[in-house]
Amino acid sequence: MTFVIEEVLPVLADEVKTYQVPVVDLIAVQTKDPYKILVATILSARTKDEVTAKAAERLFKQVPDLESLAAVSEEELRKLIYPVGFFKNKASYLAKLPGALMAKFGGIIPDEVDKLTELPGVGRKTANLVVAVAFGKPAICVDTHVHRIMNIWGYVQTKTPLETEMALRKKLPEQYWLTVNSILVAFGQGTCKSVRPHCDRCLIANQCRKLGVTPRNLPGSATKKGADKTIKMVSWNVNGLRALEKKGFVEVVAELDADIIALQEIKAQPEQLSDQLKNIPGYRAYWFAAEKKGYSGVGVYSREEPLAVIYGIDHKEHDYEGRVLTLEYGDFYLVNVYFPNARHELLRLDYKLAFNRDLHNFLDTLALKKSVVVCGDFNVAHKEIDLTNPKQNEKNPGFAPEERAWMDEFIAAGYIDTFRLFNQQPGQYTWWSYRFNARARNIGWRIDYFCVDAKSEKRVAGAEILADIAGSDHCPVVLTFR
Ligand code: SF4
């Protein structure tokens, strides 16, 4: 069946009426005040809707307009909006907002996208949303859901949300400009999820091309039970598991629907973790923390009970830092690794290279017995394609010649960078600096990997990067393994 946008969007608009309404639309129903809509939209970036709604309510009670915003300190703003994602940056943007509006637009919130983007913390997505929701003017707000779903349908073929916005401006009938964002945000959260979309219950499944999609497995489905059984593994440097818990980690685990979830940089001793983190329903949890508190540490959630768990690599200096946790299953080992950072001025480069060599030997020993899947934050971008600014970083930690040479050696020895089996595109990153709005601008590095030993290439069924999943400065990466 051919894909007709004029048929699909009305069906979805009807369908999502029963879903949770995106928070900015909810605020727009209560008020058309551009100040509140602008501020709520800034708060909502990379934050769950429930968290945004509560933070916006707290903030507007005490800071209901621009005048009161000008009178409140950045410190106070931080407290009011916590725990929205990037709350420190957002508090700083909000603190600067009244001054910037006064200096540029006489204290009035402009109703044009280009003008709005001159304000602190306002990108095109936010600007489009404010123009559409607060001023009711034609604007297409393209967030990750719109960008992702339009590409899944093949309605556009684009690499970034900005390209999608420009393509939609040319081809999407104007009658849908105002509503497409709220329809697809709700649809993307409820049915066409970024991980394992629910195609089995999707009303437009017969029109959708499902480009690049792996639908969810229903419990008890043939895929899980039959000969084609696959195992979904996720690796994620969480940059502090306790902090991530406050940003909705447990809900993300449910959304990931993975068989194995390997975490790095948990920055906690097991006894410091909440019961909720230690007892996620359906998973057994294994931890290997650094002896130094609040530093490094790895953990794995596994649906299946492993045959054995190996803590470290039997090397005191490395194991002291809680860097390697291995789970042995029937026909493979999962080795979860947090590689050392070479540090500023490459102060720890020698240690890092020694660790890499010892780990490589450990993996080779395991690979003599069964398949090896090694995942984690390798703390190195292998090739120029794996970071935005290779020339500027030639001698910097994470892209130093010695680190890249070790990765060359590792790959030459037969280990396979699974992501590159499926994707040769630039701009595919797993880590972004918290500074300079780098994630929104996709100025990043690919330093998180799933690799397998040479003889296991045939077992690799898929690999992807889940760049939409926020909460850490790294995003999760996925391997589907047969
Ligand atoms: S069929 Fe699947 S991929 Fe396509 S729109 Fe529906 S949920 Fe999304």
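The ligand is surrounded by 13 residues, the closest being Cys192, Pro197, Cys199, Cys202 and Cys208; a residue counts as near if its C-beta atom, placed from the backbone, lies within 6 Å. Ten residues of this shell are nonpolar, two polar and one charged, where Ala, Val, Leu, Ile, Met, Phe, Trp, Tyr, Cys and Pro count as nonpolar, Asp, Glu, Lys and Arg as charged, and the others, Gly among them, as polar. The model is predicted, so local features need pLDDT of at least 70 and side-chain atom pairs 80 or more, while totals for chains, interfaces and linings use all residues. Residues are numbered from 1 along each chain as its sequence is written.

Turning to the strands, E12 (residues 448-452) has five of its five residues buried, that is, with 20 or more other C-beta atoms within 10 Å of their own C-beta, placed from the backbone. Strands (E, at least two residues) and helices (H or I, at least four) are DSSP runs, numbered from the N terminus. In a regular strand the side chains alternate between the two faces of the sheet. In E12, Asp448, Phe450 and Val452 point one way, and Tyr449 and Cys451 the other.

Strands pair if DSSP finds at least two bridges between them. E12 runs antiparallel to E8 (residues 371-377), to which five bridges join it; here glycine 376 has tyrosine 449 as its bridge partner. E12 also pairs with E9 (residues 416-417) in the antiparallel sense, over two bridges, and isoleucine 416 is partnered by valine 452.

Methods. A residue is buried if 20 or more other C-beta atoms lie within 10 Å of its own, exposed if 12 or fewer, and partly exposed in between; C-beta atoms are placed from the backbone.
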